[in-house]
Amino acid sequence: MQRVASPVYGPPQMSKAFRPIRRVLVANRGEIAVRVMRTCNERGLETVAVYSDVDRLAPHVLQADLAVAIGPAPAAESYLVIDKIIEACKATGADAVHPGYGFLSENEDFADACTAAGITFIGPSADAMRKMGSKTEARKTVTAAGTPVVPGDNGPGGDGFPTSEEALISAKKIGFPVLIKAAAGGGGKGMRLVAAESEFTAAFDGARREATSAFGDGTVYLEKAIPRPRHIEIQVFGDHHGNLVYLGERDCSIQRRHQKVIEEAPSPVVSAELRAKMGAAAVAAARAVQYVGAGTCEFLLGADGGFYFLEMNTRLQVEHPVTEMIYGVDLVSWQLDVAEGKPVPLTQQELDARRRGHAVECRVYAEDPVKFLPSPGRITHLRVPDGPYVRNDSGCYEGAEIPVHYDPMISKLVVWGEDRPRAIARMRRALDEYQVRGIETNLAFHRRCLRHPAFIAGDYDTGFIGRNAAELAPRADDQELVAAMIAAALDSQASQGVPKPTANGTSNGIPAAAAPMSNEISGWRRQLR
């Protein structure tokens, strides 16, 4: 294992006392909680789930060895209450906490609380979270480390703009279009694209209101808007011995409302030379805060090949499986190793040599596929895809309720192929096998996107969905309506306990008279993809 000394701080000191982890409490829910528990099970570790009132029968609760109720459905009264998580650890004897993503995963106070209670926090230090958690502070930190950032202005003293008048002066110097962005947030909240001076004041006030509502902090700063950028992120991983490596890039440019929907690795436009440059920039940014564990540096990539740091996510990303697929590693297992004081398992040279093939991830949501609005409710029928190199990280099951209180993700569907065309073909097949009824989903959107000529060619950017909305929306023509009515009728029969015919010429449980219609439905489904 190559040892790398930090040029900023010098060699890290192994002053922290490490101990083997025995029992892990996963401070999360849904697919990520299940995914973390599976790795723990493989390592022989006991697991503890926490759950709100509406999650008492959720898969992560059923998966765990122990489970603790932590309160009502609203996250602010359950999953976001630090004291309840710490008490659950004490009650169950959990000696480590994995935060997953979202909820408390990037909350430095939670990391500090775990440390104070003698519980191993499986993640970076609270200090690294603080430095990277604020967008303005992160920009200052990585700029000092030599990582390129989007041209912009953090405001007077680097602490954001207090007034629209001051911000407008800066916006004119930067040049329109500009982005007004929340210093404390992400996911598109508190963000406004401003094309002209006349739009600026209203956009500034709106961004501050939204940022205050979403994050309790109305601080905003400015960035130059990069036309038609790609969203490229670099997976980094550090340990307590001073080692830092990167595991290539993920292309996360297929987004709606600044939220990722499809990710792939490697990016179809990133060359080996560019990958090395972006990887070095990401490692430099991580080293500037002595980063330990799994982290991701997000960049905008311009059409001219210029790349600019956006932010660092100080946690495991939703889309980490595509990286795992092309490198053949388990990043959660790496997190556990590092939390126990072990070095990163592979050197940069070893990682570069083992990268193979192509992976694609589709986030399957319970949502309207046209307006992308949540569609909570009960899943009355669920059939998930299977087969070679198909992975479905899920947090629900047939009969489960998708609650209104949380992110409406059903699963992350991930495939691997020897190259990009084969990975896309495999994903199409998997999406075609995926069936969900009882709620609306974005499966139709994914099927259309994976067949869009621009996506197939790798010619897309963050504005892809907006520009191609009409082509990506499912068609509600007469054929689709008839197919939906037949599916609803079959669901109704099943719910009433009507036995499916098994004799007299049935076809897959469908009476012979209905079999031709079933074939027609299959044909229509292909047309509607």
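Helix α1, residues 30-42, lies across β1 (23-26), β2 and β4 (96-98), and runs at about 165° to β2. Helices (H or I, at least four residues) and strands (E, at least two) are DSSP runs, numbered from the N terminus. Axes are lines fitted to C-alpha atoms, for helices over the stretch in contact, and angles run from 0 to 180 degrees between N-to-C directions. Contact means heavy atoms within 4.5 Å. The model is predicted: local features need pLDDT of at least 70, side-chain atom pairs count only at pLDDT 80 or more, and totals for chains, interfaces and linings use all residues. Residues are numbered from 1 along each chain as its sequence is written, and side-chain values use heavy atoms, with hydrogens and water left out.

Helix α3 (residues 82-92) lies across β1, β2, β3 and β4, at about 155° to β1.

In what order do the strands of the open sheet stand? The 5 strands follow the order β3-β2-β1-β4-β5, with parallel pairing; two strands pair if DSSP finds at least two bridges between them. β3 (66-69) and β5 (120-121) are the edge strands, each pairing on one side only. Strand β2 (residues 46-51) runs parallel to β3 and is joined to β3 by 4 bridges. Y51 stands opposite A69 in β3.

Helices α4 (residues 108-116) and α5 (residues 126-133) pack at an angle of about 175°, their axes 8 Å apart. That makes α4 roughly antiparallel to α5, a label for angles over 145 degrees. E108, D109, A111 and D112 of α4 meet A126, M129 and R130 of α5 in this contact.

Note on methods: Angles under 35 degrees count as roughly parallel, over 145 as roughly antiparallel, 65 to 115 as roughly perpendicular and the rest as oblique.
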